[in-house]
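Subject: Structure for your review

Dear colleague,

Please find below the structure that I am handing over to you. I would be grateful if you could read the notes that come after it with the model open.

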Amino acid sequence: MPDPTRRPTAVVIGGSVSGLFAATALLDHADVTLVERDQFPEGSAPRRGVPQARHAHLVWYGGVVAFDQLLPGLVDQVVTRGARLVHIMGDMVSRAPNEVWFRRFTSTHHRNLVCSRDLLDSVIRDRVLPDTRLTVRQSTTALSLTGDRSRVTGVRIRTEGHQEEVLTADLVIDATGRGSQAPRWLEDLGLPRVTEREVNAGVTYATRLYHAPGTTADAPFPLVNVQANPAKAPGRGGIILPVEGGRWIVTLSGTRGGEPTRDPDAFTDFALTLGDPVIGELIKDADPIGDVSTTRSTANQRRYYEKMRSWPDGFTVIGDAIAGYNPVYGHGITAAAQSALAIGTVLRTTSVTAPGTSRRLQHAATRPVAAAWDLAVGQDARYPGASDASPAWTERMLARFVDQAVATGARNPRALSALLDVMSMEKPATRLFSPDMLIPMLFGPKKPHLQAPPLAESERKNATL
């Protein structure tokens, strides 16, 4: 019989953003041990387990809201360290996949958090790791779960000194990302293999840092984004992300047959071949910092844990370990924060040790992840060879409707607000069927589509100084 005076225990595997947020959500309800395979770096520096950190990252407004609900004041701390809260689309020059340029409306409330991934991770670590209720085990590898198919009782680990031991826990949370071993671990406990799906558009990313030309704190440069068009394979896109330290992170992408390379001499030439050459034109005279970094692990991968008929008490999977997305959509960090928030919401009314809690947590953590999955797959499934199975009719219909919603939002502020509610992961996709979208879509009035990027002449001039 459980001891009602004993405080529950939890182990979070993985010190990623997802793991740090999960630990935060658990601290009011359990004694938490965070297990991290690597050593955390000091300050704003790369972490070994996050090779994709070099590429452009942003946090959608739904994530911004979740950040401050999980850790009040966190967003202001990141901004104080050099990040920016930018109006989407007011502070952004963006070309949609259907080759429509968005007007730079500033009438919506949506603001995204923009900075380097290294800075963001550093500020989150500085908030979470010093908590005296948290025990941190670095240079420690999770090997397997302990328990059986009905209940997970802990995790077997290997320490830096290659010693093996078992951390017992009432709840184990897997936040190890794309490389999660949870499918195998659950099979080892006697559970069936989880259903998985992959949609792989074959995207390669190439990123290079630049000194931001002519940019000042009083006149920050807008984000510049040229998205790939799935109807024109290979799809090529790119983004200029102005970040702290007077730098631009420039990330280029290309699908099968049109991939960027690590060749620094080919970087600008590739940017000039995008659907619009604006990024190439802006960087051709800019001073690069360092070499080109590439990433090819960009497939959308989904594991349907919430559909498993049997699920053990004491175990939950969150974040990229449930679903990893093509990074171009920028939803991973937002989904991680919202999933942690959902875990905290469940635990406010349900004990960590109560039967069925982990299944409730699994369903709650999956909802934001599933929303991000639907947004990503609707586009990527349209590329040749992206999936063995054709997109479901619901995915095809949603993709077509989203194209119309984008075209409408590009020239109507009411419709843009509805579109950004969904893209920012504030509201479900049903928001696209609201009067704010449907009335402008069907009846107008409609301004003509822009024929060129809405970059002010003064911005172009500053970028060439």
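Predicted model: local features only at pLDDT ≥ 70, side-chain atom pairs only at ≥ 80, totals over all residues.

Salt bridges

A search of the whole structure returned 23 salt bridges. One of them pairs Arg-6 with Asp-170, with 3.0 Å between the closest N and O atoms. This pair connects distant parts of the chain, as the two residues are 164 residues apart. Arg-6 belongs to the segment before strand S1 (9-13), while Asp-170 sits in the loop between strand S10 (164-168) and strand S11 (171-174).

A second example joins the side chains of Glu-99 and Arg-95, at 3.7 Å from N to O. Here Glu-99 is partly exposed, with a relative accessible area of 30%. Arg-95 has a relative accessibility of 8% and therefore counts as buried, the limit being under 20%.

In a further salt bridge, between Glu-187 and Arg-193, the closest N and O atoms are 2.8 Å apart. Glu-187 is partly exposed at 35% relative accessibility, and Arg-193 is likewise partly exposed at 46%. Elsewhere, salt bridges with shared partners join Arg-414, Asp-421, Lys-427, Arg-431 and Asp-436 into one network.

Cavities

The whole structure contains two cavities of 30 Å³ or more. Among the residues that line the largest cavity are His-57, Cys-115, Arg-117 and Ile-333. Strand S3 (58-59) and helix H4 (117-128) each contribute at least two residues to this lining, which comprises six nonpolar, two polar and one charged residue.

The second largest cavity has a volume of about 30 Å³. Its lining includes Gly-15, Arg-47, Asp-121 and Arg-125. Helix H1 (17-26) and H4 each provide at least two of the lining residues. By type, the lining of the second largest cavity divides into two nonpolar, two polar and three charged residues.

A loop residue

Thr-430 is located in the loop between helix H11 (413-423) and helix H12 (435-443). Is Thr-430 buried or exposed? Thr-430 has a relative accessible area of 56%, and because the limit for exposed is over 50%, Thr-430 is exposed. Thr-430 and Met-92 are separated by 338 residues in sequence and by 25 Å in space, C-alpha to C-alpha.

Yours sincerely

Notes:
Residues numbered from 1 in each chain as written. Heavy atoms only, no water. Helix = DSSP H or I, 4+ residues; strand = E, 2+ residues; numbered from the N terminus. Buried < 20%, exposed > 50% of the residue type's maximum accessible area, 1.4 Å probe, protein only. Salt bridge = Lys/Arg side-chain N within 4 Å of Asp/Glu carboxyl O. 1 Å grid on protein atoms, 1.4 Å probe; cavity = no way out; pocket = protein on both sides within 12 Å on 5 of 7 lines; lining within 4 Å. Points joined across faces, edges and corners; volume = space filled by probe spheres on them. Nonpolar A, V, L, I, M, F, W, Y, C, P; charged D, E, K, R; others polar.
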